[in-house]
Amino acid sequence: AESYDDAVEKIGRLKPSIVLVDFYLGKGTALDLYQHFTQASPDRLKSVFVVLSSNNSPAITTAIAEAD
């Protein structure tokens with residue numbers, strides 16, 4: 001996917017087992033994307049989200065680690 005909106009559409013349509021995603025997605029982040037799917041249908045989300053980032057900020061690492 002090339003953007004947050006593109007990722008939402010593709011994950012919703014393709015329902016992948018694994019989502020490999022950069023932290024920054026333009027207007028949203030990987031955490032926003034994860035929350036979008038867990039809030040919309042928590043019992044239907046079967047994807048594992050793997051978040052990558054070239055930014056090694058402690059704030060980003062903490063945010064990803066605390067996401068549930």
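Among contacts in the protein chain between residues at least 6 apart in sequence, 64% join residues at least 24 apart, where contact means heavy atoms within 4.5 Å. The structure is a predicted model, in which local features need pLDDT of at least 70 and side-chain atom pairs count only at pLDDT 80 or more, while totals for chains, interfaces and linings use all residues. Residues are numbered from 1 along each chain as its sequence is written, and side-chain values use heavy atoms, with hydrogens and water left out.

The confidence of the prediction is expressed as pLDDT, which the predictor assigns to each residue on a scale from 0 to 100. The mean pLDDT of the protein chain is 86, and 94% of its residues reach 70 or more. Among the elements, β1 has the highest mean pLDDT (93), whereas helix α3 (residues 58-66) has the lowest (81). Where pLDDT is low, the predicted coordinates should not be read in detail.

The secondary structure comprises 3 helices and 2 strands. Helices (H or I, at least four residues) and strands (E, at least two) are DSSP runs, numbered from the N terminus. Read from the N terminus on, the order of the elements is α-β-α-β-α.

The overall dimensions come next. The C-alpha atoms fill a box of roughly 30 × 25 × 20 Å, taken along the principal axes. The radius of gyration, taken over C-alpha atoms, can be set against a globule rule of 2.2 Å times the number of residues to the power 0.38. For 68 residues, a compact globule would have a value near 11 Å, and the 12 Å of the protein chain agrees with this. The accessible surface comes to about 4,700 Å², of which 53% belongs to carbon and sulfur atoms; such areas come from the Shrake-Rupley method with a 1.4 Å probe, and for residues only the protein chains shown count as cover.

What lies inside? Of the 68 residues, 28% count as buried, a term that means under 20% relative accessible area, with exposed being over 50% and partly exposed in between (1.4 Å probe, protein chains only). In soluble globular proteins, nonpolar side chains tend to be buried together. A nonpolar core is a set of buried Ala, Val, Leu, Ile, Met, Phe, Trp, Tyr and Cys residues joined through side-chain atoms within 4.5 Å. The largest such core here has 11 residues, including Tyr4, Val8, Leu33, Phe37 and Phe49. The elements giving two or more residues to this core are α1 (4-14), β1 (18-22) and α2 (30-40), and the largest share, 4 residues, comes from α1. Leaving aside residues up to four places away in sequence, Val8 touches Leu33, His36 and Phe37.

In the loop between β1 and α2 lies Thr29, which is buried, with a relative accessible area of 17%. With residues up to four places away in sequence not counted, Thr29 touches Tyr4 and Phe23.

The structure also holds 2 aromatic pairs. The rings of Phe23 and Tyr24 are edge-to-face, because their centres are 5.0 Å apart and their planes stand at 90°. Rings of Phe, Tyr and Trp (its six-membered ring) pair if their centres lie within 6.5 Å; planes under 30 degrees apart count as stacked, over 60 as edge-to-face and the rest as tilted. Phe23 is buried at 7% relative accessibility, while Tyr24 is partly exposed at 45%. Tyr34 and Phe49 are likewise edge-to-face, at 5.3 Å centre to centre and 80° between the planes. Because Tyr34 lies in helix α2 and Phe49 in strand β2 (residues 48-52), this pair ties together parts that are 15 residues apart in sequence.
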